[in-house]
Amino acid sequence: MQVLRRQHETRTGLYTDAERRRRDSSPWTLVQAILAPLQFLVFLVSLGLVLRALLTGEGAFAANVSIILKTLLLYTIMVTGSLWEKDVFGKYLFADAFFWEDAVSFIVIALHTAYLVCLLTGSLSESGLLVLALVAYAAYVINAAQFLLKLRAARLQMEAQS
């Protein structure tokens with residue numbers, strides 16, 4: 001019955017009124033608000049370490065550790081994000097409002113996972129691993145931009161309704 005009610009709610013922007021209430025009351029909203037900037041901070045540090053290792057040939061171990069940490073945070077934010085999406089939209093992934101963000105998230109996860117597999121199997125050279133990490137990071141930046149645009153849209157929706 002709850003799913004049927006959700007389908008009949010009028011969507012005037014990113015969230016219906018009921019979805020906004022569920023978003024605001026979900027404990028996963030706070031978790032996402034903490035994890036997203038933390039992941040971005042780790043990304044920035046890791047990006048610096050990766051670029052340093054590629055440019056100087058030094059610090060590859062630190063770069064790899066930072067990439068692993070970034071990947072673990074990515075997995076964590078994906079799992080908690082799907083729990084948030086379930087709370088707000090009634091489905092774990094691919095809710096209409098976040099379909100493309102979720103789709104690109106899977107590309108980001110695939111690239112980060114490919115990095116881990118290549119690291120564990122030794123199937124890429126050190127520089128190859130670092131380049132793969134940069135490709136994964138480029139996809140992550142695109143995905144982060146998607147989410148920032150959604151956050152901005154939600155904020156604009158709230159301002160328009162006030």
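Begin the tour by selecting F98, which is buried, with a relative accessible area of 5%, where buried means under 20% relative accessible area, exposed over 50% and partly exposed in between, with a 1.4 Å probe and protein chains only. The model you are looking at is predicted, so local features need pLDDT of at least 70 and side-chain atom pairs count only at pLDDT 80 or more, while totals for chains, interfaces and linings use all residues. Residues are numbered from 1 along each chain as its sequence is written, and side-chain values use heavy atoms, with hydrogens and water left out.

The structure holds 11 aromatic pairs, which are rings of Phe, Tyr and Trp (its six-membered ring) with centres within 6.5 Å, counted as stacked if the planes are under 30 degrees apart, as edge-to-face if over 60 and as tilted for the rest. W84 and F98 make one of these pairs, an edge-to-face one, with 5.5 Å from centre to centre and 85 degrees between the planes. Because W84 lies in helix α4 (residues 60-89) and F98 in the loop between α4 and α5 (99-121), the pair ties together parts that are 14 residues apart in sequence; helices here are DSSP runs (H or I, at least four residues), numbered from the N terminus.

Now select F94 and F106, whose ring centres are 5.7 Å apart and whose planes meet at 15 degrees, so this pair is stacked. F94 belongs to the loop between α4 and α5 and F106 to helix α5, 12 residues apart, and the pair links distant parts of the chain. How accessible is F94? At 29% relative accessibility F94 counts as partly exposed, and F106 is partly exposed as well, at 38%.

Over the ring of Y15 sits the charged end of R23, 4.7 Å from the ring centre; a charge sits over a ring if NZ of Lys or CZ of Arg is within 6 Å of the ring centre and within 35 degrees of the ring normal. Select K70 next, and you will find K70 over the face of Y140, at 3.8 Å from the ring centre.

Finish with L54, which lies in helix α3 and is partly exposed, with a relative accessible area of 31%.

Methods
Helix = DSSP H or I, 4+ residues; strand = E, 2+ residues; numbered from the N terminus.
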